[in-house]
Amino acid sequence: MTDPRRPRVETRLTRLGRGPDEPGTPLNVPITPASNFRAGPSGDAPRQYAREDATEAWEAFEMVVGDLEGGTAVSFSSGMAAITAVLEQLPAGARVVAPQDSYSGLRALLDDGAAQGRWRSDIVDMTDIRALDAAVERADMVWLETPSNPMLHVVDIAAVVARAREAGAQVAADNTFATPLRQRPLDLGVDVVVHSVTKFLGGHSDLLLGVAVRRDGPGVAALRRRRVVGGATPGALESFLALRGTRTLALRLRQAEENAVELARRLDIHPAVTRVRYPGLPDDPGYACANRQMSGAGAVLSFELADADAADRVCAGVSVVTHATSLGGVESTIERRAKLDGQEHVPCGLLRLSVGCEHVEDLWEDLSAALDVAADAAADAAGPLGGDGASPGGPAR
Ligand SMILES: *Cc1c(COP(=O)(O)O)cnc(C)c1O
């Protein structure tokens, strides 16, 4: 039920976290470049040292993200720092179930911790319901990433939460791709949500920041303590920029998602594209579940070409879209993910496209021209007699 007095999310995004509503005060919170604060005569000033005590921009940003996710937000110096803080709350030897398809940094962190005997990690293909069920039964924590990076797999959050409850396991969800405007995992029973704010929440590829969000309680205090002790404190400027980014999140996402839906449809019928992965397409395996738990499919999609060479040619051929690794900015970016370590499960010709806020026809002209060049090159390599399809770059992996 919507509270009749509570403004809608687009409105809250523009209004929350602006400081006191008094004549002469600025509409924006200040950026406070300070590590040290006066202690005062009794030495108990509310702010004393910047690793321990939030400044206004950091507090305001957390207030906005907490409101969006329906919990209390604790921000960190990067998405990975937030993920690390969540995992560090686990008791020694805990068993963490995590998706095979997920942000590569999570996998590296889990592998390192497992090698050190810090925890045991159980990497599962979360589209395999039986494997997932069996893994959840022996888990202390289930890590979800839905939609996942870069395969756009969708996992039924409520179903996993129900099984995890029976097993006594906590559930964490990386909500970076969906953003809280499209999916609210805490409402579905998840214990802790993380974001790489670096991506859609920040939205302008100009900062690194992360956040973990929980319902109020001892878990929140423990996250704050991890931040103080671990030292992965958000920067003053980054907090300000992230807050400014969230002001336009609803607008940016609306435009980017509309573009993504249109590009997904066109890519889906392009002869050079063998498969599109986007939960907003009705024939995508994640469509039905996404329809239940998301209010939109977001602005990241992946599509596959015949091989790595063709995909690399598209990356080299685009100019409106930028060939770059990160995502979630106002500018569209594309990358061939299988070239990175730890992505052996990703098809070698898969391109992940983070769709931005450009005019969709400019994006399409750029992409389709690059696809045509890649297709022509493949035809040339095949030669007039058909050839064996091998290109100068060598056979596809
Ligand atoms: C980028 C990313 C991260 C890591 O965030 P950083 O801000 O780079 O540390 C985690 N999860 C997902 C899904 C991401 O895309």
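I worked from a predicted model, in which local features need pLDDT of at least 70 and side-chain atom pairs count only at pLDDT 80 or more, while totals for chains, interfaces and linings use all residues. Residues are numbered from 1 along each chain as its sequence is written, and side-chain values use heavy atoms, with hydrogens and water left out.

Cysteines. I looked for disulfides, taken as pairs of cysteine sulfur atoms within 2.5 Å, and the count came to zero. C315 is in no disulfide, and the nearest cysteine sulfur, that of C348, is 13 Å away. I then looked up accessibility, where buried means under 20% relative accessible area, exposed over 50% and partly exposed in between (1.4 Å probe, protein chains only). C315 is buried at 4%, whereas C357, at 27%, is partly exposed.

E335. I found this residue in strand β11, residues 333-336, a strand being a DSSP run (E, at least two residues) numbered from the N terminus. E335 is buried, with 5% relative accessibility. Setting aside neighbours within four places in sequence, I noted contacts (heavy atoms within 4.5 Å) from E335 to residues including C315, H323 and L350.

Largest pocket. I recorded a lining of 22 residues, with Y103, N149, S196, K199 and S326 nearest the centre. A pocket here is an open set of points on a 1 Å grid over the protein atoms alone, where a 1.4 Å probe fits, with protein on both sides within 12 Å along at least five of seven lines; lining residues have an atom within 4 Å of a point.

Key: Helix = DSSP H or I, 4+ residues; strand = E, 2+ residues; numbered from the N terminus.
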